[in-house]
Amino acid sequence: MEKLNDLPERLARCEKENEELKFRVEELSDFLENAAVPLHWVDGNGMIIWANQAELDTLGFTMEEYIGTHISAFHADQETIQEILNRLTNNETLHNFPAKLRRKDGSIRHVLISSNVLRKDGKFMHTRCFTRDVTPMIQEAERKSDLLNELKESEARLKMAIRSTNLGTWDWNPVSGELYWSDECKQIYGLPPDQPVTFEVFSDCIHPEDREHVQQAIQKSIARGSDGNYDIIYRILRFSDGLTRWIKVQGMVSFDDEGEAKRFTGTVLDITDRKEAEEKSAWLAAIINSTDDAIVSKTLESIITSWNASAERTFGYTAEEMIGQSILKLIPADRQDEEPRILSRLRKGERVEHFETRRVRKDGSLLDVSLTISPVKDELGNIIGLSKIARDITEKKQEEQRKHDFVAMVSHELKTPLTSIISYLQVLMARSIKEGNEFTASALARTETQAKKMKTMIQDFLNLARLEEGKILIYKEAFELHPLMKEVAEDAQFQTAKHKIVLQDCDEIIVNADKDKIGHVLMNLLSNAIKYSPEGGNITIGCVVMEGKVKIYVTDEGVGIGQADQKRLFERFYRVNSDKLKSISGFGIGLFLVSEILRYHNSKIEVESKEGAGSTFYFYLDL
Ligand code: ADP
């Protein structure tokens with residue numbers, strides 16, 4: 001009864017407790033709903049059954065989009081969520097398990113998940129998950145690690161650069177006097193790597209003449225109020241071998257708050273090679289600028305790259321006006337084809353020496369120049385440009401012209417009286433033969449031979465003068481070779497009793513050439529054969545037909561010609577210089593005329609000879 005009596009009271013108490021419980025549940029639910037930590041619950045199938053606002057904010061989804069979706073849809077790494085679910089199913093509690101969630105906008109959030117399973121009466125109810133967003137921390141760590149890697153890389157690059165440039169580094173503490181030198185630095189000073197360095201060792205290595213200057217520079221850099229910069233070039237006496245080396249040292253001082261120098265660091269570089277090269281090129285530049293020859297360098301495309309003082313004087317253009325311009329500016333219009341011809345020879349690596357030509361000055365006047373052009377090569381032998389030395393030979397040319405004019409005039413004046421002397425000699429000779437005066441006849445015959453020799457020489461000079469003035473004319477005609485050869489051979493035989501002139505195989509050959517001039521060529525070759533065979537012997541003049549041409553040759557058994565002389569034989573005024581030939585007179589123009597006449601016939605005189613074993617001169621003519 002007593003128990004029933006207090007029933008209403010107990011009921012009322014129960015109701016009150018119930019009210020309180022309900023209130024607490026509501027408060028707890030409100031607390032979870034609005035907690036700052038993201039929270040969610042997942043059922044036994046992995047479906048999200050509840051999430052708070054912080055969770056939704058973290059991932060950017062609405063409640064409708066989130067609830068009822070499988071948890072794996074929000075994970076960026078499927079293996080991780082599988083592992084999380086497996087572990088929870090196996091009743092494990094997860095604490096700060098790292099995972100990656102994908103936000104609605106596609107961006108990734110790094111989170112730490114703490115989770116466990118709520119069971120009731122041993123039955124799986126749902127999991128409770130706390131998510132901690134650690135994205136800013138991860139990003140910061142990644143940034144730091146990138147920065148660190150970058151730092152490591154640039155340090156490695158710097159080290160490599162220092163090593164590859166042979167740059168030494170040093171570090172000096174002016175307060176404690178401690179001095180550090182890198183291995184490269186020690187190498188520059190010629191110190192073994194294990195040798196300790198002190199300021200005294202350093203000071204001893206400085207060249208005595210530079211020591212004071214270096215010490216002053218150091219004092220200036222570390223003095224209070226200095227900007228701390230140090231940049232100096234001086235000589236050292238290398239410790240290992242005592243050799244003088246030039247070094248460039250750069251440095252920077254750091255000061256403490258009181259303005260005292262606390263650290264002095266920098267680099268050192270051996271610049272001896274550069275210094276020597278600079279000195280050498282300064283010397284060369286001085287030589288180039290003091291010479292009277294115009295020295296110009298240009299590219300393979302004929303663009304001028306340097307222009308010395310004499311080039312300014314010779315051509316009238318300043319260096320500023322010409323550098324970067326084409327060399328064609330200096331070449332007269334009628335000689336523009338010279339440049340490509342010269343270039344093609346130079347590209348083959350050949351030098352062009354003493355090439356006489358004409359160039360135009362800035363004022364339009366022409367000057368005679370002698371050019372020597374050489375290819376400029378790099379260390380690997382590739383042609384990278386051309387150097388050109390131009391010597392003004394206008395005066396020399398004018399002098400030569402005056403001489404030629406004089407010789408031509410004298411020869412012309414001598415020829416007329418000589419012709420009449422020869423005519424009178426012939427008249428006198430005929431008369432003395434008729435009168436039976438043998439001595440007079442033979443004396444007159446010898447006089448005539450000498451006078452004719454003189455006439456030939458004078459004729460040669462006149463021909464040379466004509467040739468140089470460009471007045472030589474070629475009249476080609478078809479003629480039979482044999483009669484001409486016979487006539488010349490007989491004339492030559494008249495000149496000598498010591499030699500036998502033999503004529504070989506020239507029948508029925510018809511050539512197309514200037515008969516008089518070819519006669520002159522043959523006579524010249526035969527006269528030389530006689531002249532340069534003082535011991536006598538056979539002289540053969542002959543022809544051979546080959547490949548649509550006829551080869552004409554003159555062979556003697558005389559003194560012969562050495563290899564070196566053979567190359568220059570056909571130059572104007574060239575004579576072989578030997579004791580044996582001193583007594584043989586001549587001017588060195590015969591073979592020059594021969595080669596010029598043949599050049600006008602598109603042919604060329606050639607020689608085969610050996611000293612002491614005779615010579616053969618030959619050339620080809622068109623049939
Ligand atoms: P010159 O005979 O007037 O000196 P050339 O021009 O005819 O001039 O010849 C040039 C040089 O060539 C001569 O000085 C001579 O040394 C050489 N020479 C020419 N012909 C012969 C030859 N047949 N044998 C040897 N040397 C020769």
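How many helices and strands does the chain have? In this predicted model, the chain has 19 helices and 22 strands. Its C-alpha atoms fill a box of roughly 210 × 70 × 50 Å along the principal axes. The radius of gyration of the chain is 54 Å, whereas a compact globule of 623 residues would have a value near 25 Å. Of the 623 residues, 37% count as buried. The accessible surface of the chain amounts to about 38300 Å², and carbon and sulfur atoms contribute 53% of that area. Among contacts in the chain with a separation of 6 or more, 51% join residues 24 or more positions apart.

The ligand is surrounded by 21 residues, of which Asn528, Tyr532, Asp556, Arg575 and Leu591 are the closest. By class, this shell consists of 12 nonpolar, six polar and three charged residues.

Taken alone, the ligand exposes 530 Å², and 97% of that is buried by the protein. Two or more residues of the shell are given by each of helix 17 (515-531), helix 19 (590-600) and strand 22 (615-622). Helix 17 provides the largest share, three residues.

How values were computed
Residues are numbered from 1 along each chain as its sequence is written. This is a predicted model: local features need pLDDT of at least 70, side-chain atom pairs count only at pLDDT 80 or more; totals for chains, interfaces and linings use all residues. Side-chain values use heavy atoms; hydrogens and water are left out. A residue is near a molecule or strand if one of its heavy atoms lies within 4 Å of it. Accessible areas come from the Shrake-Rupley method with a 1.4 Å probe; for residues, only the protein chains shown count as cover. Helices (H or I, at least four residues) and strands (E, at least two) are DSSP runs, numbered from the N terminus. Ala, Val, Leu, Ile, Met, Phe, Trp, Tyr, Cys and Pro count as nonpolar, Asp, Glu, Lys and Arg as charged, and the others, Gly among them, as polar. The radius of gyration is taken over C-alpha atoms; the globule rule is 2.2 Å times the number of residues to the power 0.38. Buried means under 20% relative accessible area, exposed over 50%, partly exposed in between (1.4 Å probe, protein chains only). Contact means heavy atoms within 4.5 Å.
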